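Please look over the sequence and the model before reading on.

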Amino acid sequence: MTEAIPMRPRTSRLPRTARRAQLLEVALEVFVEQGYHSASMDEIAERAGVSKPVLYQHFPGKLDLYLALLETSCDTVIEGVRTALASTQDNRQRVQATMELWYDYVADQGAAFRLVFESDLTSDPSVREQVDRVVEESAALVAEVIREDTGLPLAASHLLAVSLVGMGHVGARNWLSQDSSLTRSEAVQLVAGLAWRGIGGFPRNEDDNIQGVE
């Protein structure tokens, strides 16, 4: 028999922003456990210790709640990439920091990555748009650094950036799902080393004239 998940006691009145944050936290648990289609607003309200009318005051429907949570998760990833790139001017360390971001996100964010990369609602255009936004905006940030440092054309810089982003999040998800014997640090070092051996082969703009495809 499956042990019942304890519900939170009915909570006192909270400021609107605090209540919204609490509801998003509870919704994340439910959506990750059950997926979008199986999750119910009834259970989210019960676990949060609020009435359904209170839940609907903040989110008119289940899709609205899911999209709000998805947007927050996507923003977290994109801002993390931005922070990693800005953390140093050393490009090898930038690669390291960016790969660490993906592995930290997959391992530490309460499985929020499942909403972004493993959603069971990607057929919905509004959900697909958010999921695509993570890759595109993350890649745009990386591409800007690549183009500034190498002088490669925008299209070439973007392709390299998308490939690096894919290496980060696909590798991190595989590492987690396979219950790898590698520690997070070991996995990051391997993937960051692979990425740097690739992107580090492009000379910096001030050191060489890049012959790129226009």
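F31 is buried, and so is Y66; buried means under 20% relative accessible area, exposed over 50%, and partly exposed in between, with a 1.4 Å probe and protein chains only. This is a predicted model, in which local features need pLDDT of at least 70, side-chain atom pairs count only at pLDDT 80 or more, and totals for chains, interfaces and linings use all residues. Residues are numbered from 1 along each chain as its sequence is written, and side-chain values use heavy atoms, with hydrogens and water left out.

**Aromatic pairs**

- The structure holds five aromatic pairs. Rings of Phe, Tyr and Trp (its six-membered ring) pair if their centres lie within 6.5 Å; planes under 30 degrees apart count as stacked, over 60 as edge-to-face and the rest as tilted.
- F31 and Y36 are a stacked pair, at 6.0 Å centre to centre with 15° between the planes.
- F31 counts as buried, at 2% relative accessibility. Y36 counts as buried too, at 12%.
- F31 and Y66 have ring centres 5.0 Å apart and planes at 90°, so this pair is edge-to-face.
- That pair links distant parts of the chain: F31 is in helix α1 and Y66 in helix α4, 35 residues apart. Helices (H or I, at least four residues) are DSSP runs, numbered from the N terminus.
- One aromatic cluster is formed by F31, Y36 and Y66.
- K62 lies over the face of Y36, 4.4 Å from the ring centre. The criterion is NZ of Lys or CZ of Arg within 6 Å of the ring centre and within 35 degrees of the ring normal.

**Nonpolar core**

- The largest nonpolar core has 61 residues. Such a core is a set of buried Ala, Val, Leu, Ile, Met, Phe, Trp, Tyr and Cys residues joined through side-chain atoms within 4.5 Å.
- F31, I44, L55, L65, Y66, W102 and V142 touch the most other members.
- Elements giving two or more residues to this core include α1 (16-38), α4 (62-86), α5 (91-108) and α7 (125-150).
- The most comes from α4, with ten residues.

**H169 and W102**

- H169 is found in helix α8 (residues 154-177). H169 is buried, with a relative accessible area of 10%.
- Not counting residues up to four places away in sequence, H169 touches W102, F117 and V135. Contact means heavy atoms within 4.5 Å.
- Leaving aside neighbours within four places in sequence, W102 is in contact with residues including V77, V81, F117, G168 and H169.
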